[in-house]
Amino acid sequence: MKKNAILITGASSGIGAGTAKALAEQGFRVFAGVRNPQKAISSDALINPIPVKLDVTDTLDITRAVEQVSTILQEEKLGLAGIVNCATTEYQGPVEILPIKFMRHEMEVNYFGTVMVTKAFLPLLRESVGRIVNITSINGFCVFNSIGSSCAAKYAVEAFSDALRLELKPWGIHVSIIEPGGVATPLWKKSLRAFEELPNHVTQDQIRLYYPSWKKSLQIAIKDEAEHYKKTMPVEIVVRDIIHALTAPKPKTRYLVGRFAKTVAFFKWLLPDRYFDHFAMAEFKEQPD
Ligand SMILES: NC(=O)c1ccc[n+]([C@@H]2O[C@H](COP(=O)([O-])OP(=O)(O)OC[C@H]3O[C@@H](n4cnc5c(N)ncnc54)[C@H](OP(=O)(O)O)[C@@H]3O)[C@@H](O)[C@H]2O)c1
């Protein structure tokens, strides 16, 4: 059995699409998990990979994706070399007022999505001693104001990945976590758009509590987003580490991707919480001091 097929979730854009394209160019059989395969087929990034309908919150989609992938693997006599859990959604806002439905959705996509897809594909991975690569973020080991809910979801994925690494050791299944700093992907715009919508989902009192002038806070958030985006790294840098995690004889357990991630990790390790808080509070400035 040749072991060279990979499944990627959230492959319609950003890091997932970049990984799908790079792996396909390297000769891997790529199953690109996307919510809308029709849209994906017309996208350049997904011409080589096979689009698989996969909303990671939908158990029926996951069951059908396993069936589709198994059938093709059998036909082509391939083994599943790995899965890459990339799907994400992100909401900004203080945890006190961010609606529970958004916090749940963030957990459903990032955490339970990763859990359900991984559990469903583990029998195939075990057959071929494949690997698991979970994309978290610097938000998986430190918390910034205004994105606490996202951080909670990423912390959960980190814990799940650590548990898998310990428990799958007897089968030789490696589990790696990818922790990038800012990456140039559509996620920034999507997250800002969700923040713009926040006043439509909470009361005026709640908005005033954290944003005495919503208009001004929104302007700051828009400017902040543009400033942060300028400092992002290209997708290819993250893809390089994902491919290392999938193919290197000795993959790392964690990949801190980019200078910002490495700096943050160092200060998080070095500083007591209250000192680190100054840095964490400075990242998103739309709330008053
Ligand atoms: N961009 C950054 O600065 C950055 C930094 C650190 C870590 N990361 C992490 O990198 C990973 C990839 O993010 P990205 O930056 O590439 O973002 P992205 O371009 O927004 O991609 C997110 C992907 O997730 C998909 N998705 C959303 N909800 C889904 C669901 N219910 N089921 C299946 N797929 C779903 C989206 O599909 P649709 O097109 O259908 O919405 C899209 O393909 C994420 O885990 C993210 O947290 C990103």
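**View 1. Tyr111 is partly exposed in this predicted model.** Its relative accessible area is 21%. The cut-off for buried is under 20%, so Tyr111 falls in the partly exposed class. Phe160 is buried, with a relative accessible area of 13%. A search of the whole structure finds 12 aromatic pairs. Tyr111 and Phe160 form an edge-to-face pair, with 6.2 Å centre to centre and 90° between the planes. This pair links distant parts of the chain. Tyr111 belongs to helix H4 (residues 100-128), Phe160 to helix H5 (residues 148-167), and 49 residues separate them.

**View 2. Four phenylalanines form a cluster of rings.** Ring pairs link Phe144, Phe260, Phe276 and Phe279. Lys268 lies over the face of Phe276, at 5.1 Å from the ring centre.

**View 3. Arg126 lies over the face of Trp171.** The distance from the ring centre is 4.2 Å.

**View 4. Helix H8 covers residues 214-230.** At 1.5 Å a residue, its 17 residues should span 24 Å. The end C-alpha atoms of H8 are 24 Å apart, which agrees.

View 5. The buried residues of H8 are Trp214, Ser217, Leu218, Ala221, Asp224, Glu225 and His228. An α-helix has 3.6 residues a turn, so residues three or four places apart point the same way.

How values were computed. Residues numbered from 1 in each chain as written. Predicted model: local features only at pLDDT ≥ 70, side-chain atom pairs only at ≥ 80, totals over all residues. Heavy atoms only, no water. Phe/Tyr/Trp six-rings, centres within 6.5 Å; stacked < 30°, edge-to-face > 60°. Helix = DSSP H or I, 4+ residues; strand = E, 2+ residues; numbered from the N terminus. Buried < 20%, exposed > 50% of the residue type's maximum accessible area, 1.4 Å probe, protein only. Lys NZ or Arg CZ within 6 Å of the ring centre and 35° of its normal. Expected span 1.5 Å × (residues − 1).
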